[in-house]
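Please read them with the structure open.

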Amino acid sequence: MKPADPKLVLLAIALAGALGFVLPGHATTLLTEALILALFALSLDLLVGHARLTSFGHAGPWAFGAYIAAAQLLVLQIPLPLAVLVSGLATAVIAIPVGWLCVRTGGVTFAMLSLAFAQLGFAVVFKWNAVTGGSDGLAGLPRLGLPAGREVFLLFVCGVLAAAYLLAHGFVTSPLGRIVAAVRENEQRAEALGHDPRRIRLVVFVLSYFLAGVAGALYAGFAQFVSPELFFWTVSGHVLVMVVLGGAGTLVGPMLGALALFYAEHELSALTESWGLALGLLFMVVVIAAPTGLMGWLRAAVGARGR
Amino acid sequence: MNITRRPALAALLAAPALSGVSRAQGQPLKLGVPTAMTGTWAALGAQVVRSCRLWAKTVNAEGGLLGRPVEFLFEDTQGVPANCLRKAQEMVERDRVNILLGLMASSEALAVMPKLADWNALFISSVNGAGSITAEAWVPNAFRANTSGPMGARALALWLRNSPQTNFFSLSLDYAWGRSSVETFEGLLTGIGKRSIGSVFAPVGTRDYSSFITRIRQANPQALYIALTGDDGTAFLRQAAQYRLFERMPVVTETVDMLFTRPAGDAAIGLVGGSRYSFAYDHPANNAFVARFRAEYNELPDTYDGEQWQALEVLRAAVLKAGATDTPSVVAALRDLQLNSIKGPLKIRGCDGQAEQQGFVVRVARREGFPVPAPEVIATFTAAEVTPACRASNFS
Amino acid sequence: MDPLALFTLQVLNALSLSALLFFIALGLTLIFGIMRVVNFAHGAVFMLGAYCGVAAQTATGSFAASLLAAPLAGAALGLAFERSALSRLYAREHSAFLLVTFGLALALTEAIRLIWGADARQTELPAVLAGIVFVMDEPFPVYRLLLIGAGGLCWLLCWLGLQRTRLGLLLRAASQNPTMTAALGNDVGRVRAMVFALACALAALGGALAAPLLSASLGLGSNVIIDAFVIVMIGGMGSFIGTVAGSLLVGFAQTFGNFYVPELALGMTYALMITVLVLRPGGLFGRPE
């Protein structure tokens with residue numbers, strides 16, 4: 001039994017959705033937020049794990065999607081599912097020029113370029129008071145088009161997450177996904193075979209931004225609130241840590257990493273003011289002790305039992 | 001009509017709650033404080049937390065509220081709205097808290113406020129200065145016990161009426177509070193026959209103010225108005241003193257906090273500004289609070305120690321008036337609640353939840369018995385003079 | 001104000017800011033150039049320097065003591081961290097460094113809060129440094145002249161060190177080809193430990209130098225790290241001359257930008273970085289990766 005079997009992943013997501021009917025209300029809300037972050041981490045894994053493009057600006061598409069969704073919910077008052085889809089598409093569109101400039105580079109340069117674009121987004125929403133509400137953000141977003149109740153919202157998030165996972169999994173295992181892997185492993189060779197690395201990377205970039213935009217829009221619907229902090233570089237750092245913690249390149253790992261980090265932070269910060277110290281030390285131990293992240297650790301555990 | 005109906009309504013709503021009281025007798029009353037304990041606002045959060053602890057200790061020593069011991073739930077939000085929302089929701093839904101206090105950033109308060117009705121919870125602000133909280137963004141379950149940004153600016157403008165300076169330049173932090181302060185201040189200047197000759201907004205987190213200082217010197221106003229706080233305020237005061245800016249022009253500020261004047265050291269001497277709360281306000285209730293605070297912490301209470309204490313005193317008065325702690329009863333009791341607080345007479349007005357209270361102007365000076373320059377009250381204005389109209393954030 | 005005086009003043013302002021930024025950016029680029037590590041904890045080390053400096057001055061009453069204590073503390077921390085954590089990870093992917101330095105930043109920030117509390121800490125400058133000089137009849141703080149001098153001195157010493165000493169030669173070699181350098185019988189592990197300690201010492205010294213302008217507070221680290229990244233990227237990762245140029249460029253852009261177009265100040269450095277990286281992906285003086 002391989003932990004990354006897609007059927008198993010879908011089953012787990014379905015189970016998470018069903019939990020909404022048994023968990024107390026606040027736990028359902030917490031789980032909903034955790035799953036939205038799982039989608040966010042999943043979207044980044046396409047870049048980091050599969051194209052080896054370490055983005056340090058993934059807060060960019062996340063916040064962009066959230067603000068686009070907020071605008072639609074506030075101004076057009078359209079149903080949330082439609083707003084989420086439109087926000088994802090809008091983020092994908094903006095990803096084309098941004099990606100075109102970013103994917104020409106790699107490594108740290110790519111990381112810093114993506115960061116710069118996200119910070120530029122931060123500056124724009126911060127300064128553009130009249131439209132974005134400036135530093136106060138936009139509050140009181142209506143959540144239309146969905147039956148009331150947090151179980152329903154959790155099911156909706158689970159549905160989107162499942163679809164996103166299938167899309168990501170399908171992409172990675174498709175012929176195009178294999179070309180992405182080929183470009184990642186040996187750019188010259190892939191080029192010799194007639195693939196344009198920049199274009200291939202751009203495809204991954206746009207897909208990743210699309211999913212991050214969807215995640216951000218879901219968050220806007222969830223919190224019914226957006227603020228410039230969503231764009232801030234600490235958010236990018238956070239989601240990157242989720243991916244690495246879970247195990248980059250496995251799709252499932254980053255989702256688990258998101259859940260693990262989210263719950264660890266939540267519980268630690270309730271336990272002690274010094275949660276930063278505990279979490280920081282934990283990161284160091286995990287990096288040294290579990291080189292392939294949670295996913296590698298899980299695989300080893302399952303493999304050992306299988307034998 | 002609403003007013004005549006309210007007592008009956010309150011009694012009706014209080015009826016089931018009263019039966020609840022007997023059941024809850026002895027059960028601790030939990031108060032939720034999701035505040036910034038780490039991150040940029042950590043120093044302000046620390047004031048909120050220690051003031052709450054002292055209040056709980058004091059109240060519990062007197063037998064609690066309605067015979068129930070008071071218990072605070074503190075959670076760290078880092079000043080980030082997303083965290084604040086999550087923590088507040090969990091307090092309400094898991095821990096059955098219905099009273100929230102001590103929220104730090106205005107954006108955190110603005111994120112939480114629309115949710116209060118759904119949660120059947122209420123919020124009493126002690127820190128949030130943004131005018132919009134009691135204006136565009138007002139909700140029935142939110143109250144503001146503290147002096148707002150526009151109120152601080154108003155007190156200062158009233159004091160400036162008699163100053164010899166006629167033209168002013170403004171420097172503020174580039175976010176909602178700073179911008180609304182400058183806007184209010186500039187509007188008030190024209191009202192008192194003075195004028196603004198320019199303004200500049202520094203991004204939050206600016207470290208080097210030299211360029212802004214040069215800009216101010218070039219504009220060469222007769223006086224400078226600043227709306228800066230925290231690390232930014234400290235950095236500006238220190239650097240401006242190094243450039244000898246204060247020898248050229250007096251500096252006035254919307255709010256004087258020891259939090260930023262203390263690290264500024266001697267650079268803060270002579271600074272005049274509005275004051276949300278100061279230990280220096282000589283009033284029996286305040287003197288008693290300052291003495292109690294010093295006995296506990298061996299330190300003077302700063303702005304948000306005092307503001308948090310006042311918010312808690314407002315809560316206490318409301319709970320005693322309602323005879324219950326459920327949300328509708330306390331909300332009803334808060335409307336038009338009057339009490340004598342550490343800042344003097346105070347009234348929570350029913351129309352937008354703002355506490356009408358006196359406004360103070362202080363000057364930072366070297367004072368006998370204090371190791372660092374400390375504020376002294378130089379003017380006091382009545383609530384009617386400094387409070388904006390209902391659900392308005394400016395003075396027209 | 002006379003336009004020429006204004007311009008001169010602004011140039012001096014920009015130079016003093018550049019000097020401060022140089023201390024933190026130089027360490028970052030050294031670490032990257034030699035070790036290929038992006039150190040997210042560099043801002044936290046800068047903050048540690050500010051706190052240690054203030055503590056040393058409070059304890060001894062001497063500002064010079066703060067300039068000595070801060071780099072020592074920085075170096076000690078850097079050495080301990082490199083030996084205990086980083087050195088186990090060199091064979092691994094970039095992401096490992098990311099997580100471990102991110103962890104250090106988190107832990108260090110909280111440790112500082114536990115030791116010194118949430119309130120900002122400060123000391124006063126000695127009288128001789130708190131004075132002013134007149135530049136074309138305009139007052140200018142002596143301390144800022146000291147900053148410019150310190151930045152220049154640091155630049156000169158590092159340049160001489162890199163060009164004229166055996167260690168410098170080794171560093172340049174290790175930066176260009178670590179395997180070859182090791183094959184020639186050099187202890188690359190020791191070089192890395194020294195580089196990391198030196199870089200942390202520089203950042204901490206920068207923090208101690210910044211303390212009189214800013215006071216030591218908890219927001220210091222996260223604010224400064226992004227500026228430092230921008231400088232290093234603009235100059236070219238691992239390029240010494242690039243870091244000098246990047247510090248000057250960012251210092252001048254911020255100083256003059258804040259003066260003439262304050263409305264755009266928030267996004268300006270990022271726009272600058274995007275422009276440079278799009279035109280020259282390796283930065284002004286670096287090679288593309």
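This is a predicted model: local features need pLDDT of at least 70, side-chain atom pairs count only at pLDDT 80 or more; totals for chains, interfaces and linings use all residues.

The points below take the chain contacts, a helix pair and the domains in turn.

1. Totals for chains and interfaces use all residues, whereas local features need pLDDT of at least 70.

2. Chain C against chain A. Chain C puts 35 residues into this contact, and chain A puts in 36. On the chain C side, three helices each supply at least two residues: H4 (94–116), H10 (220–235) and H12 (265–279). H4(C) has the largest share, with 15 residues.

3. The side of chain C that touches chain A holds 25 nonpolar residues, 5 polar and 5 charged. Look at H4(C) when you inspect this face, given its 15 residues there.

4. Chain A against chain B. Here the contact takes 19 residues from chain A and 23 residues from chain B. On the chain A side, the elements giving two or more residues are helix H2 (25–50) and helix H12 (252–271). H2(A) gives the most, with 4 residues.

5. Where chain A touches chain B, the residues divide into 11 polar, 4 nonpolar and 4 charged.

6. A helix pair inside chain A. Two packed helices are described by the angle between their axes and the distance between the axes. Helix H4 (residues 80–102) and helix H10 (residues 197–223) of chain A pack at about 145°, and their axes are 7 Å apart. The crossing of H4(A) and H10(A) is right-handed. Which residue classes make up the contact of H4(A) with H10(A)? There are 18 nonpolar residues, 7 polar and no charged.

7. Domains of chain B. The chain is divided in two. Domain 1 covers 2–147 + 284–292 + 303–356. Domain 2 covers 150–280 + 359–386. The C-alpha centres of the two domains lie 30 Å apart.

8. Contact between the domains. Domain 1 of chain B brings 15 residues to the contact and domain 2 of chain B brings 14. On the domain 1 side, helix H2 (42–61) and helix H12 (303–322) of chain B each supply at least two residues. The largest share comes from H12(B), with 3 residues. By class, this side of domain 1 has 8 polar, 4 nonpolar and 3 charged residues.

Methods. Residues are numbered from 1 along each chain as its sequence is written. Chains are lettered from A and ligands numbered from 1 in the order in which they are written. Domain bounds come from an automatic or database domain assignment. Two residues are in contact if their C-beta atoms, placed from the backbone, lie within 7 Å. Ala, Val, Leu, Ile, Met, Phe, Trp, Tyr, Cys and Pro count as nonpolar, Asp, Glu, Lys and Arg as charged, and the others, Gly among them, as polar. Axes are lines fitted to C-alpha atoms, for helices over the stretch in contact, and angles run from 0 to 180 degrees between N-to-C directions. A crossing is left-handed if the near helix is turned anticlockwise from the far one by less than a right angle, and right-handed if clockwise.
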